Amino acid sequence: AEYMGVVVLLALLFFTDGLFLLTSPFDITPPQNIPDQPNSELSSVERIYEGAVSGPETFVFYHDSIITSCADGRVIMLPEHNSTAHEDTNSIKTIYQRCAQNTEPLNETECGRPLGLALEADHLFIVDSYFGVIKHNLVSNS
């Protein structure tokens, strides 16, 4: 009785047009008008904190700062994204990390790998591929 739904679904796929959906050929058309010149659209961008942030994955804005995750398991705050503070790498604040000191090679299973960030008021939600979802209070830093 618990497999009846699966049996009905398979019967519908095989005895109706569902079979057509599973076996119909499709056409992949290559893109047209590919430019043969190098793209220089990103050559004039401003790079901030270059060399100071290892493997940023995602980011959110919090007041006048950028919060980003790093390949070494840290979540850091880069202050004042609208100013020249990015020239001072001492102003980078670590707001979350599982390991006190990360060394090469990185041990993600121990130190984590935060891959996603979301903000709700003063709470930062960190999605870590090894440790799940972590709720971090940015005001109390806990």
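This is a predicted model: local features need pLDDT of at least 70, side-chain atom pairs count only at pLDDT 80 or more; totals for chains, interfaces and linings use all residues.
Residues are numbered from 1 along each chain as its sequence is written, and side-chain values use heavy atoms, without hydrogens and water.

**Fold.** The chain has three helices and seven strands. Their order along the sequence is α-α-β-β-β-β-α-β-β-β. Helices (H or I, at least four residues) and strands (E, at least two) are DSSP runs, numbered from the N terminus. Of the 142 residues, 27% are buried. Buried means under 20% relative accessible area, exposed over 50%, partly exposed in between (1.4 Å probe, protein chains only). Among contacts (heavy atoms within 4.5 Å) between residues at least 6 apart in sequence, 34% join residues at least 24 apart.

**Cores.** A nonpolar core is a set of buried Ala, Val, Leu, Ile, Met, Phe, Trp, Tyr and Cys residues joined through side-chain atoms within 4.5 Å. The largest has twelve residues, among them Val-60, Tyr-62, Met-77, Ile-95 and Leu-138. Strands β1 (59-62), β3 (75-78), β4 and β6 (123-128) each give two or more residues to this core. A second, separate core has seven residues, including Val-53, Ile-76, Leu-78 and Ile-92. Leaving aside residues up to four places away in sequence, Val-60 touches residues including Ile-67, Leu-117 and Leu-124.

**Cysteines.** There is one disulfide, a pair of cysteine sulfur atoms within 2.5 Å. The bond joins Cys-99 to Cys-111. Cys-99 lies in the loop between β4 (93-96) and α3 (108-111), and Cys-111 in helix α3. Both are buried. The S-S torsion is about -100°, so the disulfide is left-handed. Cys-70 is also buried, at 0% relative accessible area.

**Side-chain pairs.**

| Pair | Distance |
|---|---|
| Cys-99 and Cys-111 | 2.1 Å, S to S |
| Phe-59 and Phe-61 | 5.5 Å, centre to centre |
| Arg-98 and Phe-131 | 3.5 Å, charged end to ring centre |

Rings of Phe, Tyr and Trp (its six-membered ring) pair if their centres lie within 6.5 Å; planes under 30 degrees apart count as stacked, over 60 as edge-to-face and the rest as tilted. Phe-59 and Phe-61 are edge-to-face, with 80° between the planes. Phe-61 is partly exposed, at 45% relative accessibility. The charged end of Arg-98 sits over the ring of Phe-131. That term requires NZ of Lys or CZ of Arg within 6 Å of the ring centre and within 35 degrees of the ring normal.
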